[in-house]
Amino acid sequence: MASPIIAPFPATRLRRLRRTANLRAMVSEVNLTPANLIWPIFVTEVAGAEGEIASMPGVQRLTLDGARRAAERAARLNIPAICIFPHSDQDLKTEACERAWDPDNIGNRAIRAVKETVPEMAVMTDIALDPYNANGHDGIVQNGEILNDETVEALVRMALAQAEAGADILGPSDMMDGRIGALRGAMETAGHKHVAILSYAAKFASAFYGPFRDAVGASGRLVGDKKTYQVNPANRGEALRCVARDLAEGADMVMVKPGMPYLDICRAVKDEFGAPTFAYQVSGEYAMLEGAIRNGWLSRDAMTESLLSFRRAGCDGVLSYFAPTVAEMLA
Ligand SMILES: NCc1[nH]cc(CCC(=O)O)c1CC(=O)O
């Protein structure tokens with residue numbers, strides 16, 4: 001960026017352009033619109049599990065009917081995309097994770113329900129085995145090790161079932177090596193060449209996913225942590241290599257996750273690669289902000305300010321549990 005020329009005070013008074021709302025609007029450098037939002041929703045097949053998630057006040061596990069109503073609400077608010085997360089029956093979770101590629105698993109039923117209700121809604125999925133895995137990991141576990149190549153095969157099956165169900169965007173969040181190329185190849189040969197991939201490329205091993213694991217019922221199951229496949233929070237260079245690798249394997253869009261603690265990574269990804277770049281304002285970030293807002297410690301403007309920070313850091317859009325509330329505030 002060229003250095004701005006600034007005449008000495010009083011010729012320059014930066015407050016001149018901050019004086020009225022209209023002047024401020026004229027010189028706003030980035031903006032936030034509903035088109036920048038992707039709304040993640042939780043859909044359950046378990047009777048009685050619907051309703052509010054304790055660690056995410058204001059966020060509900062939805063039934064299939066609830067998912068249909070969410071799609072209609074998103075459409076009314078001009079939110080272009082919904083991301084579906086399944087909450088599946090604990091008793092049906094297995095070590096081989098077969099239900100992940102069952103055409104009638106709750107995730108795939110939710111994809112069909114949303115596409116039937118609002119065909120133009122962009123439906124994004126999550127590709128990782130954790131919602132269907134008896135041990136809560138994103139990959140297949142053998143003797144305590146998370147197997148890479150066997151997991152990639154399972155993820156391809158999972159993705160094909162999602163594409164059959166009508167998904168527009170696949171969201172591999174598993175962090176196995178080689179999955180983007182494998183998914184892209186499988187989509188091309190199976191006739192799903194238009195299905196896009198938004199890779200969770202720079203996904204860090206974060207403490208901020210805690211409430212999400214409650215939401216999908218993976219918390220009690222998970223033994224150990226995800227540090228052998230998710231990126232060390234200390235590693236910017238490694239995160240950029242993940243993004244480069246995923247783009248080279250055919251990712252259409254890339255994501256940084258979590259969001260606010262990793263805004264430096266967002267900026268670096270956008271500057272370095274120029275690809276469509278998204279951030280995930282994850283469950284723990286939502287819980288912090290919403291908890292403080294509910295206590296009266298922060299004003300509701302903290303929601304829009306936090307989302308604007310992603311736009312300023314170069315993101316094209318943000319996955320946020322605040323999506324519908326913020327879209328209402330912007331309307
Ligand atoms: N692979 C699963 C997945 N997909 C999205 C999230 C987190 C989302 C959030 O915290 O809001 C996670 C959790 C994890 O990696 O343990």
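**Ligand site in the predicted model**

In this predicted model, an N or O atom in the side chain of K203 sits 2.7 Å from an oxygen atom of the ligand, which falls under polar contacts (pairs of N or O atoms within 3.5 Å). R213 does likewise, with a polar side-chain atom 2.7 Å from a ligand oxygen, and K226 also places a polar side-chain atom 2.7 Å from an oxygen atom of the ligand. The ligand has 400 Å² of accessible area on its own, and the protein covers 100% of that (Shrake-Rupley method, 1.4 Å probe).

Residues are numbered from 1 along each chain as its sequence is written. Local features need pLDDT of at least 70 and side-chain atom pairs count only at pLDDT 80 or more, while totals for chains, interfaces and linings use all residues; side-chain values use heavy atoms, with hydrogens and water left out.

Around the ligand there are 18 residues (a heavy atom within 4 Å). K203, R213, K226, K257 and Y321 come nearest. By class, this shell has 8 nonpolar, 3 polar and 7 charged residues, with Asp, Glu, Lys and Arg counted as charged and Gly among the polar ones.

As for cavities, the structure holds 2 of 30 Å³ or more (points on a 1 Å grid over the protein atoms alone where a 1.4 Å probe fits but cannot get out).

Mean pLDDT for the chain is 96 (confidence in each residue, from 0 to 100).

Conventions. A polar contact is a pair of N or O atoms within 3.5 Å; within protein, one must be able to donate a hydrogen and the other to accept it, and residues adjacent in sequence count only if both atoms are side-chain atoms. pLDDT is the predictor's confidence in each residue, from 0 to 100. On a 1 Å grid over the protein atoms alone, a cavity is a set of points where a 1.4 Å probe fits but cannot get out, and a pocket is an open set with protein on both sides within 12 Å along at least five of seven lines; lining residues have an atom within 4 Å of a point. Grid points are joined across faces, edges and corners, and a volume is the space filled by probe spheres set on the points.
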